[in-house]
Amino acid sequence: MNLDRIIAAIPGKSEAQRDKMRENAAKWLDTGSDAQKIAAQTLLDALETQGISEQEAFEDRLKAMGIAERVIEAFQVKPPTKNEIKVIQALLNHPGSKSTELSDACGWSGNKWHLDFGALCRKRETYFWPAEPVAKQDRSFLSGILADLDPAENRFTMKPDVAKAFAELGIKPTSAR
């Protein structure tokens, strides 16, 4: 085994391949010879260093991007499902609506729209900016990442830069309010 060659190949490995490398190294830490244990720890350290380096590069790249660019990338990397498009489309078609009205526009009842919109934000939140905290609750307002909320009326409107990004992705308003 050429440990230097294995470590040099880490940047080109997929996450699944890296997971397998970690799994194999963990086995060697438990049952290997002294030399194998040292090699295993060296490999685990190299994997962690590479992960940190890649995360820092990702964060630096995102910081240099505008809101629309980040939204476009997020939805290109994780394309929207049919249901997510329906949720986005409802808000684009009905700006200034309450969650229940947006649910109705999707053919649902209650606050399902709000839950689904928050879920699509959560699914891609590594590409976005931090969500505002919810007052008196230990959670973030994920829907507020992509939409503005009028707190007095509880009405949602897509943020302008986000609407532009969705238009570039081909998701545009299809009807007037």
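## Briefing: helices, cores and aromatic rings

Trp113 and Phe117 sit four residues apart in helix H7, so about one helical turn separates them. This is a predicted model, where local features need pLDDT of at least 70 and side-chain atom pairs count only at pLDDT 80 or more, while totals for chains, interfaces and linings use all residues. Residues are numbered from 1 along each chain as its sequence is written, and side-chain values use heavy atoms, with hydrogens and water left out. Helices (H or I, at least four residues) and strands (E, at least two) are DSSP runs, numbered from the N terminus.

**Aromatic rings**

- A pair of aromatic rings is described by the distance of the centres and the angle of the planes.
- Rings of Phe, Tyr and Trp (its six-membered ring) pair if their centres lie within 6.5 Å; planes under 30 degrees apart count as stacked, over 60 as edge-to-face and the rest as tilted.
- There are three aromatic pairs in the structure, and one of them is Trp113 with Phe117, stacked at 4.8 Å centre to centre with 15° between the planes.
- Trp113 and Phe117 are both buried (under 20% relative accessible area; exposed is over 50%, partly exposed in between, with a 1.4 Å probe and protein chains only).

**Nonpolar cores**

- A nonpolar core here is a set of buried Ala, Val, Leu, Ile, Met, Phe, Trp, Tyr and Cys residues joined through side-chain atoms within 4.5 Å.
- The largest one has 30 residues, and those with the most contacts inside it are Phe75, Trp113, Phe117, Leu146, Met158 and Phe166.
- Elements giving two or more residues to this core include H3, helix H4 (67-77), helix H7 (112-123), strand S2 (155-158) and H9.
- Helix H5 gives the most to this core, with five residues.
- Apart from this core lies another, of nine residues, among them Ala25, Leu43, Ala46 and Leu47.
- Trp113 has contacts (heavy atoms within 4.5 Å) with residues including Val87, Leu91, Leu102, Cys106 and Phe156, not counting residues up to four places away in sequence.

**Helix H9**

- Val162, Ala165 and Phe166 are the buried residues of H9, and they fall within an arc of 100° seen down the helix axis, so they line one face. The arc is that of the directions from the helix axis to the C-beta atoms.
- Turned away from that buried side are the exposed residues Pro160, Lys164 and Glu168.
- H4, H5, H8 and S2 are among the elements covering the buried residues of H9.
- Ala165, in H9 (residues 160-168), has a relative accessible area of 0% and touches Ala68, Val71 and Ile72, not counting residues up to four places away in sequence.
- Ala165 and Phe75 are 90 residues apart in sequence, but 9.5 Å apart in space, C-alpha to C-alpha.
- After H9 comes Gly170, with a positive phi near 90°.

**Helix H2**

- Arg18, Met21 and Ala25 are buried in H2; seen down the axis they fall within an arc of 55°, so they line one face.
- Ala16, Asp30 and Thr31 are exposed on the other side of H2.
- Helix H1 (3-9) and helix H3 (34-63) are what the buried residues of H2 pack against.

**Cysteines**

- Cys106 counts as buried at 7% relative accessibility, and Cys121 is buried with a relative accessible area of 0%.
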